Amino acid sequence: MGQPSPVAQDSPTGQDSPTEQDHAAAGHAEPAARSPYAEHTARLTRSLAHALVSENDDAELAETVRALATRLLDASEAPAAVTVDDPHPRSGFRRDITPITSAVNPLAPPMAIRREGDESVSDVALPLQYQGPPARVHGGIVALMLDQVLGNAAHSTGLPGAYTRELTITYDAATPLDRPVQVVGRIDRVEGRKRFMSGEVLVDGAPSARAHGLWISPR
Ligand SMILES: CCCCCCCCCCCCCCCC(=O)SCCNC(=O)CCNC(=O)[C@H](O)C(C)(C)COP(=O)(O)OP(=O)(O)OC[C@H]1O[C@@H](n2cnc3c(N)ncnc32)[C@H](O)[C@@H]1OP(=O)(O)O
């Protein structure tokens, strides 16, 4: 049996790709996702993402990128839907290059995480490139947001470093694109090296996804 076609993978029903109506329902015009411009730009962004986290500063490359970034901004009808503080708040990790909170990783929105009482909290509105089914945030991205916020909470009380051992996500409802959602995480209890964590993605105060997880410090 061959691999499923990209069209089948893209579709929530496995039968068809999202229609223009789907995109209209999501509040977006049909994107130029299949144009050479979009594909080359996506490839460029992936190369940039790798260069940003692996290369030293290079003045000539920086100038080329600056000029291109200006051109792309001019070409875009709806520039950067995600707004972040300038400078982006540091996540607390010494050299954060994660694809979710790092300001230097273009795969990341980036999300800013803060502490509120005993919880780690992030407010974010995700734009179109994080879409799964039409108008909804991709479920894997929802899991990524929760993993990071729960991970932040696991490390916020001065406990030793720990890794995600188990993460269960329950998807209760759509997590919408382009609307503010809140991601929250906390430590429920600590047992030796184990930290039992929970959290939610909240849309207008109601959970669209809930997470339960176990973080463990290495022996
Ligand atoms: C140190 C460095 C930190 C770095 C912090 C800095 C972070 C900087 C950037 C972070 C950014 C964020 C990132 C997002 C979070 C990731 O993405 S983390 C990356 C993804 N996760 C991983 O790579 C972890 C892979 N797993 C492992 O490395 C190892 O399994 C672990 C987590 C170190 C644990 O190994 P282990 O010590 O051998 O643990 P194990 O014996 O399996 O279990 C320990 C105990 O828990 C029990 N247990 C296991 N599963 C369960 C369960 N489901 N329920 C109840 N008990 C259980 C076991 O029975 C065992 O019990 P005891 O025998 O002690 O009574």
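The model is predicted, so local features need pLDDT of at least 70 and side-chain atom pairs count only at pLDDT 80 or more, while totals for chains, interfaces and linings use all residues. Residues are numbered from 1 along each chain as its sequence is written.

The secondary structure of the protein comes to five helices and six strands, where helices (H or I, at least four residues) and strands (E, at least two) are DSSP runs numbered from the N terminus. Read from the N terminus, these elements follow the order α-α-α-α-β-β-α-β-β-β-β. Of the 219 residues of the protein, 22% count as buried. Here a residue is buried if 20 or more other C-beta atoms lie within 10 Å of its own, exposed if 12 or fewer, and partly exposed in between, with C-beta atoms placed from the backbone. Among contacts between residues at least 6 apart in sequence, 61% join residues at least 24 apart; two residues are in contact if their C-beta atoms, placed from the backbone, lie within 7 Å.

One part of the chain carries an annotation. An unreviewed UniProt entry lists residues 137-201 as "domain: Thioesterase"; UniProt positions are given in the numbering used here, feature names are shortened, and annotations may be inferred rather than shown by experiment.

Helix α5 comes next. It has 16 residues and reaches 22 Å from its first C-alpha to its last, close to the 22 Å expected at 1.5 Å a residue; the expected span is 1.5 Å times one less than the number of residues. The buried residues of α5 include V142, M145, L146, V149 and L150. The buried residues of this helix pack against β2, β3, β4, β5 and β6.

What does the largest nonpolar core contain? This core has 27 residues, and M145, L146, V149, L150, V183 and V201 touch the most other members. A nonpolar core is a set of buried Ala, Val, Leu, Ile, Met, Phe, Trp, Tyr and Cys residues joined through C-beta atoms within 7 Å. At least two residues of this core come from each of β2 (119-124), α5 (139-154), β4 (181-191), β5 (194-203) and β6 (206-216). Helix α5 gives the most to this core, with seven residues. In soluble globular proteins, nonpolar side chains tend to be buried together. Leaving aside neighbours within four places in sequence, V201 is in contact with V142, M145, L146, T175, V181, V183, P207, S208 and A209.

A162 lies in the loop between α5 and β3 and is partly exposed because 18 other C-beta atoms are within 10 Å. Not counting residues up to four places away in sequence, A162 touches A154, R195, W215, I216 and S217. A162 and R195 are 33 residues apart in sequence and 8.4 Å apart in space, C-alpha to C-alpha. T170 lies in strand β3 and counts as exposed because it has 10 C-beta neighbours inside 10 Å. With neighbours within four places in sequence left aside, T170 is in contact with A209 and R210.

Finally, the backbone has some points worth a look. Most residues other than glycine have a negative phi, and most peptide bonds are trans. A cis peptide bond joins P109 and P110, with omega about -10 degrees. P110 is placed in the loop between α4 (59-75) and β1 (114-116). A135, in the loop between β2 and α5, has a positive phi near 70 degrees. D204, in the loop between β5 and β6, has a positive phi of about 50 degrees. Are A135 and D204 buried or exposed? A135 is buried because 20 other C-beta atoms lie within 10 Å, whereas D204 counts as exposed because it has 10 C-beta neighbours inside 10 Å.
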